[in-house]
Amino acid sequence: MRFLSWKDLADRRGTSVSTEKRRVKTDSRHPKQVQISPGRVGFPEHEANAYDELLVGERDAENEAA
């Protein structure tokens with residue numbers, strides 16, 4: 001299993017690390033961080049992929065409704 005860092009999440013979404021940290025706090029659907037070692041957390045890549053697909057699906061549903 002591959003884990004993504006805060007920077008990995010931000011890079012793949014074109015956002016900042018601050019934005020990703022805010023998403024974790026405000027969106028209960030966002031993948032939860034996993035303690036990998038002291039001082040290091042990561043996010044399971046497959047959960048990040050599922051979350052991204054959810055966001056795209058919501059966008060598509062909004063476009064169809066408009």
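Three helices and three strands make up the secondary structure of the protein, where helices (H or I, at least four residues) and strands (E, at least two) are DSSP runs numbered from the N terminus. Their order along the sequence is β-α-α-β-β-α. The structure is a predicted model, in which local features need pLDDT of at least 70, side-chain atom pairs count only at pLDDT 80 or more, and totals for chains, interfaces and linings use all residues. Residues are numbered from 1 along each chain as its sequence is written, and side-chain values use heavy atoms, with hydrogens and water left out.

Along the principal axes, the C-alpha atoms fill a box of roughly 45 × 25 × 20 Å. Of the contacts (heavy atoms within 4.5 Å) with a separation of 6 or more, 45% involve residues 24 or more positions apart.

Strand pairing (at least two bridges found by DSSP between two strands) involves E3 (residues 40–44) and E1 (residues 3–4), which run antiparallel and are joined by two bridges. Within this pair, Leu4 stands opposite Phe43. Strand E2 (residues 34–37) is also antiparallel to E3, with three bridges between them; Gln35 has Val41 as its bridge partner in E3. E2 and E3 form a hairpin with two residues between them, and Gly39 in the turn has a positive phi of about 85°.

Buried residues account for 24% of the 66 residues; buried denotes under 20% relative accessible area, exposed over 50%, and partly exposed in between (1.4 Å probe, protein chains only). The largest nonpolar core comprises five residues, Leu4, Trp6, Leu9, Phe43 and Ala48. Such a core is a set of buried Ala, Val, Leu, Ile, Met, Phe, Trp, Tyr and Cys residues joined through side-chain atoms within 4.5 Å. Apart from neighbours within four places in sequence, Leu9 is in contact with Leu4, Glu20, His30, Phe43 and Ala48.

Ser5 is located in the loop between E1 and helix H1 (6–13). Ser5 counts as buried because its relative accessible area is 18%. Beyond its neighbours within four places in sequence, Ser5 is in contact with Arg40 and Val41.

The protein exposes about 4,600 Å², of which carbon and sulfur atoms supply 51%; accessible areas come from the Shrake-Rupley method with a 1.4 Å probe, and for residues only the protein chains shown count as cover. The mean positions of the 12 positive and 12 negative charges are 8 Å apart. Lys and Arg count as positive and Asp and Glu as negative, whereas His and the chain ends are not counted; each charge is placed at NZ of Lys, CZ of Arg, CG of Asp or CD of Glu.
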